[in-house]
Amino acid sequence: MTTIPKRSRVAIIGGGPAGSLLAFLLHLEGIDSVILELRSRAHVLGRVRAGVIEHGSAEILKQAGLGHRLEAEGFVHDGVQVTFAGDMLRIDFKGLTGRHVVVYGQTELQKDLYEGIDAAGIPLIDEVEGIRVDHVESASPSVSFTHHGETRTIECDFVAGCDGVHGVSRDLIPTGMRRSYERTYPFCWVGLLSETPPVSDELIYASHDRGFALCSMRNEHRSRYYVQGPADTTVAEWPDERFWSELTARLPAGTARSLVTGPSIEKIVTPVRSWVGEPMRHGRLFLAGDAAHIVPPTGAKGLNLAVSDVVYLSRALGDFYSTGSTSGLDAYSGTALARVWKAVRFSWWMTTMLHTFPGSGDDFERRLQIAELEYLFESESARRVMAENYVGLPL
Ligand code: APR
Ligand code: PHB
């Protein structure tokens, strides 16, 4: 049973990738923290999420000593495929940028993070309820919650809001002092996980008149596929047969012929939207990850933005505790948002280029999409821009 401290320098709300990596990076800076997670450990570890790790994020995890399994079991991808009008184009990350991505399920990464936290003796309190944060505008905030029926309060210097899109942290910034930017898309993704060999050893992003499709993987035996569906669709509307036939129809003939289908072991419907909340700081409260921004899954940026946020935040807190300087903390929101907006732009660009917009009836937009794709197929500069953003912009 983890001891609940009465005081900790940093109280972290949320034990997902952002919160758990932050705790570990703070530990490496010699800064104690406590993680307060709403769900059970098992629930957090059981989540099936995307798994593309940028070059820079992989380096950060390795330098932190959290990259052993990522290196041993992750797949280094030096490129990605884009299909359009029956053709296949390879975006050569290695050739165009000298960098790569690593395909490694977020579920596996979460396991590594929790192992690191336990080994470091960082308290992770799961199944907490009714979190309340007080005095973030003072130098001594506190976090109160109920745990197994008992009310607890933790005094701290800083609060990190890493509680995702449904968390409580972002609403702690007074309405008059925060601003939201949102773009919703008129479709969603239907995702299927199957114990079948991947159709390709690199991801395939498919643009098709019937809608977008993505071929991804978890390992040599387990594949992850997505097809674009109507915004209000449900899993029930996608029996396996319909999913496989729709996916097959959206892939070039050669690829479709080598697609191995099988029973789904997990199916999800995920909304596609972009959302950014500014600022990412209010007094002694700092937001990181999905608590501050959501990107469409098309650019595989969600997890990687959580990593860059907590790298900036842990460095700023490290500076504060080692030198007393608040310059990093004062710059945090601006620095993090600058990188966030570039990833939001890239994810919007990938999403608008590769999906169909049913009912928009905007033939001009459709012509622009086709021109964008043809330019990508024809121009090495266009492919380099895509590669640079996909492997990850510098931190
Ligand atoms: N109190 C405590 N914990 C909470 C609360 C709350 N009120 N509300 C939510 N949480 C927990 C959630 O249960 C979850 O484990 O906060 C955690 C937030 O984790 P994520 O949603 O995974 O967000 P983040 O850590 O920012 O990681 C972002 O994860 O979801 C993917 O696509 C996303 O890749 C992105 C990455
Ligand atoms: C995934 O593997 O689940 C995945 C990969 C790339 C994306 C989105 C999801 O852009």
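Biologist: By class, which residues make up the shell around ligand 2?
Modeller: The shell of ligand 2 holds nine nonpolar, three polar and two charged residues. Here Ala, Val, Leu, Ile, Met, Phe, Trp, Tyr, Cys and Pro count as nonpolar, Asp, Glu, Lys and Arg as charged, and the others, Gly among them, as polar. This is a predicted model, in which local features need pLDDT of at least 70 and side-chain atom pairs pLDDT 80 or more, while totals for chains, interfaces and linings use all residues. Residues are numbered from 1 along each chain as its sequence is written, chains are lettered from A and ligands numbered from 1 in the order written, and side-chain values use heavy atoms, without hydrogens and water.

Biologist: Which residues come nearest to ligand 2?
Modeller: Tyr-205, Ser-216, Arg-218, Tyr-226 and Pro-297 come nearest, out of 14 residues around ligand 2 (a heavy atom within 4 Å).

Biologist: How much of ligand 2 does the protein bury?
Modeller: The protein buries 99% of the 280 Å² that ligand 2 exposes when taken alone (Shrake-Rupley method, 1.4 Å probe).

Biologist: Which strand gives the most to that shell?
Modeller: β14 does, with three residues. Both β14 (213-219) and β15 (222-230) supply at least two. Strands (E, at least two residues) and helices (H or I, at least four) are DSSP runs, numbered from the N terminus.

Biologist: Turning to ligand 1, how many residues surround it?
Modeller: There are 23, and the closest are Glu-37, Arg-47, Arg-49, Asp-290 and Leu-303. They divide into 10 nonpolar, seven polar and six charged residues.

Biologist: Where are the polar contacts of ligand 1?
Modeller: A nitrogen of ligand 1 is 3.1 Å from a polar backbone atom of Leu-38. Oxygen atoms of ligand 1 lie 2.9 Å from a side-chain N or O atom of Arg-47 and 2.9 Å from a polar backbone atom of Asp-290. The protein covers 88% of the 700 Å² of accessible area that ligand 1 has on its own. Helices α1 (17-28) and α9 (302-323) each give two or more residues to its shell.

Biologist: What follows α3?
Modeller: Gly-65 follows α3, with a positive phi near 80°.

Key. A polar contact is a pair of N or O atoms within 3.5 Å; within protein, one must be able to donate a hydrogen and the other to accept it, and residues adjacent in sequence count only if both atoms are side-chain atoms.
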